[in-house]
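Thanks, everyone, for making the time; I would like to walk through one model with you, going from the overall picture to a few local details. Please have a look at it first.

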Amino acid sequence: MKKETFAFKTEVQQLLNLIVNSLYSNKEIFLRELISNASDAIDKLRFKAQTHPELLENDSDFRIKITPDGIKQTLEISDNGIGMTYEEVIENIGTIAKSGTAAFLEALSKQPSALTPELIGQFGVGFYSAFMVADKVTILTRSAGQTTATFWESNGDGSYTIEEATKPSRGTTITLYLKKREKDDIDFTDRWTIRRIVKQHSDFVSYPIVMDVEKEEPLPDNEIIKDKDGKPIGRTTRTVMVEETLNSMKAIWLKDKKDVTKEEYEEFYKHISHDWNAPLAHVHMKFEGTTEYSALLYIPSQMPFDLFGPERKHGIQLYCKRVFIMEDCEELMPEYFRFIKGVVDAPDLNLNISREILQQDRLVANIRKNLVKKLLELLEGMEKDTYEKFYAEFGPILKVGIHTDPDNRKRIAELARYKTTKSDGKWVSLKEYVANMKPDQKDIYFITGENLTTLMNSPHLERLKEKDYEVLLMIDPIDEWVVQSLNEYDGKPFKSAEKGDLDTETPDKGKVEEFNALFSAIKAHLEDKVKEVKASTHLKDSLSCLSGNPYDMSIFMERILKATGQKPPEIKRVLEINMDHPVMAKIKAIYDADRNDPLVKEYSQLLYDMAVIGEGGKIDNPSRFHRLVGGLLNEASLSAAGS
């Protein structure tokens with residue numbers, strides 16, 4: 001038969017070394033991870049069997065069996081789920097976790113302390129947790145519908161062997177050859193220990209988790225030895241092995257919420273999410289009427305590491321009468337709620353429903369509408385501190401709904417929060433911003449960019465700060481789309497602080513006329529960079545800044561597009577100059593004395609470079625900038641010394 005030896009991928013080997021050699025305070029988590037994998041395998045088979053019933057092979061009694069052997073010191077976890085082919089074993093075990101492994105290692109490098117359940121659960125590397133307690137792990141698996149099985153074996157030493165094998169039934173059996181126990185180590189072959197672990201961590205698994213246990217039963221009367229008076233002599237019972245179900249298999253979402261404890265809610269969340277952090281909040285609902293469905297949804301307390309990854313998944317599992325239909329049911333949850341985890345059970349759905357039909361199903365659309373409504377109500381009713389914890393993790397994703405969900409745009413806008421020039425680092429809602437507006441203020445001012453400190457000190461805000469106007473500091477890329485979608489809030493239009501003229505002050509016409517010739521000369525020297533040079537309505541102390549027309553793309557949007565590999569259209573911006581700045585008097589004097597003086601060209605470039613630096617950009621010729629600024633400083637010091 002075919003047999004091969006492979007080396008683990010580099011990241012996987014690093015992961016194995018960490019798991020095997022690191023102290024881990026909760027080693028028992030490995031059993032929960034292997035049980036969850038077995039449950040997933042049965043889910044997949046049930047789903048495929050709806051259209052291919054022959055895959056069941058006349059065995060629909062789904063179960064997960066745990067077999068401990070204290071003499072051999074082995075622990076076996078088997079299921080009759082979908083199983084794996086030879087190629088699938090290589091793909092799913094030899095190179096498991098893909099991007100998750102690298103992310104896990106990065107997170108662990110930032111947390112050099114012992115491995116934690118939170119890290120194991122968060123990054124989906126649960127299979128490898130078996131090597132915390134085992135010197136060797138084997139897998140015997142046969143894919144449903146296949147005749148040939150596959151045997152996989154590894155000591156966690158950098159390689160694994162895989163070969164064709166035989167197995168009478170479909171499914172997967174994982175055998176752990178347990179490490180030699182130290183004095184205080186847990187005995188994972190002890191049945192009481194296994195009962196406790198399953199009850200604590202896997203009680204809500206939808207399939208029976210069974211184990212053979214010893215049980216005393218009465219001996220048949222004809223096997224009991226009796227004395228002459230008919231009284232039993234010796235044993236009257238015998239020990240037999242019976243199969244015991246270890247988990248309750250409670251469909252917690254179908255229970256009345258008053259009958260579910262906080263601990264049960266948290267354990268069920270951990271079961272479906274593989275996240276060992278407690279959820280931030282949950283909503284448990286049951287809808288009754290012409291259509292009925294139940295739902296239990298959770299908001300995680302931390303952002304999943306892969307939320308923005310290309311292979312990210314929605315977290316909703318769809319059931320029909322407790323029968324698993326599909327995971328990752330994105331039809332039930334909009335993109336801006338893709339971090340929500342939970343279960344929806346809709347008895348009226350067709351068990352054989354496909355994704356194409358699901359997208360067009362009116363019941364699904366109704367469920368989605370109600371789920372979104374309940375989630376928005378949950379967020380709206382949160383205590384301030386709790387909501388700010390949520391917003392710090394998921395605010396940027398939530399704001400996607402302002403752009404993509406017109407029906408709920410206003411409600412989501414009410415939930416948006418921003419730091420501002422006057423909030424001292426605290427979150428401010430749009431409602432609070434409008435309430436704090438000055439009596440003469442007509443617009444909601446905002447500025448977009450990558451860094452709060454850069455935005456807070458932007459030259460564009462100088463006149464607004466002088467007027468004591470508050471400005472929203474928008475640092476999330478989605479904010480560019482938010483302001484385009486909202487346009488206004490509570491009758492107050494949004495106005496960019498970096499585009500167009502500000503209605504704060506009108507430049508002195510007489511002074512503008514004095515500078516017009518110089519402005520024209522500066523524009524001529526910067527013809528390839530700017531489309532206009534004019535007196536600034538933004539600046540008070542700074543020398544220059546770049547602004548755009550109200551409908552031009554912002555510099556932040558331009559950077560976003562470049563970062564994603566797109567080529568934004570070439571847009572020349574407006575160079576605004578502070579006519580009251582002392583340097584401008586010097587430049588004007590040079591220009592008035594000799595309009596062809598080469599210094600005018602150099603100072604024109606200096607004005608442009610200073611504007612670029614003021615908005616956090618990079619200039620083309622730093623050495624020229626350094627020389628010109630040095631010259632100005634030198635002249636200023638000489639003038640000061642002479643006076």
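How much of the protein do buried residues make up? Taking buried to mean under 20% relative accessible area, with exposed over 50% and partly exposed in between, for a 1.4 Å probe and protein chains only, buried residues account for 49% of the 643 residues.

Residues are numbered from 1 along each chain as its sequence is written, and side-chain values use heavy atoms, with hydrogens and water left out.

As for confidence, pLDDT is the predictor's own score for each residue, from 0 to 100, and the protein averages 84, with 86% of the residues scoring at least 70. Over residues 96-101, however, the pLDDT is below 50, although this stretch has 15 contacts in the model beyond near neighbours in sequence, a contact being heavy atoms within 4.5 Å. Residues 112-124 also stay under 50, and there the model has 39 contacts beyond four places in sequence. Where pLDDT is low, the predicted coordinates should not be read in detail.

Turning to the architecture, the protein has 21 helices and 23 strands, which are DSSP runs numbered from the N terminus, with H or I over at least four residues for helices and E over at least two for strands. Among contacts between residues at least 6 apart in sequence, 72% join residues at least 24 apart.

On the α17 side the contact is made by L518, I522 and H525, and on the α20 side by V600, K601, S604 and L607.

Finally, two individual residues. T138, in strand β4 (residues 134-142), counts as buried because its relative accessibility is 5%, and, leaving aside residues up to four places away in sequence, T138 touches F151, W152, E153, T173, I174, T175 and Y177. E264, in helix α7 (residues 262-273), is also buried, at a relative accessible area of 16%, and with the same exclusion its contacts are F204, K250, I252, K255 and D259.

Methods:
This is a predicted model: local features need pLDDT of at least 70, side-chain atom pairs count only at pLDDT 80 or more; totals for chains, interfaces and linings use all residues.
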